[in-house]
Amino acid sequence: MFSEDDVLLAKQARRESATVARIALMAVIGCLALLTVLVIQARAEADAALHGPAVPAHALQQQPPLQSPPVTRGSGA
């Protein structure tokens, strides 16, 4: 049989190990969340590099449509 002091010491050790386990679990969850954010960011940067820089919508509306220069035929040079 445990004396009263031994029982209290054993309970405290169990609480400490549970606290350590919770801290470790939270650290693992935090690392996974950070890794997820970094992977999403890396994919977004890779897609942006493939498609080129975005042009603002107002810049597209202000430019006149492109026209090809007139072709002169028969100049005979």
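## Basis and fold

Helices (H or I, at least four residues) and strands (E, at least two) are DSSP runs, numbered from the N terminus. Leu35 is found in helix H1. The chain has two helices and zero strands.

This is a predicted model: local features need pLDDT of at least 70, side-chain atom pairs count only at pLDDT 80 or more, and totals for chains, interfaces and linings use all residues. Residues are numbered from 1 along each chain as its sequence is written, and side-chain values use heavy atoms, with hydrogens and water left out.

## Exposure

Of the 77 residues, 0% count as buried, meaning under 20% relative accessible area (1.4 Å probe, protein chains only). The chain exposes about 7,600 Å², by the Shrake-Rupley method with a 1.4 Å probe. Carbon and sulfur atoms supply 65% of that area.

## Helix H1

Thr36 lies in helix H1, residues 4-51. Thr36 counts as partly exposed because its relative accessibility is 46%, between the 20% and 50% limits. A polar atom of its side chain lies 2.8 Å from the backbone oxygen of Leu32.

Leu32 also belongs to a nonpolar surface patch with Val28, Leu35 and Val39. Together they have about 350 Å² of accessible area. Patch residues have over 30% relative accessible area and no salt bridge, with nonpolar side chains joined within 5 Å. A salt bridge puts a side-chain nitrogen of Lys or Arg within 4 Å of a carboxyl oxygen of Asp or Glu.

Definitions and conventions: Polar contact = N/O pair within 3.5 Å; in protein donor to acceptor, adjacent residues only side chain to side chain. Patch = residues over 30% accessible without salt bridge, like charges linked within 9 Å, V, L, I, M, F, W, Y side chains within 5 Å.
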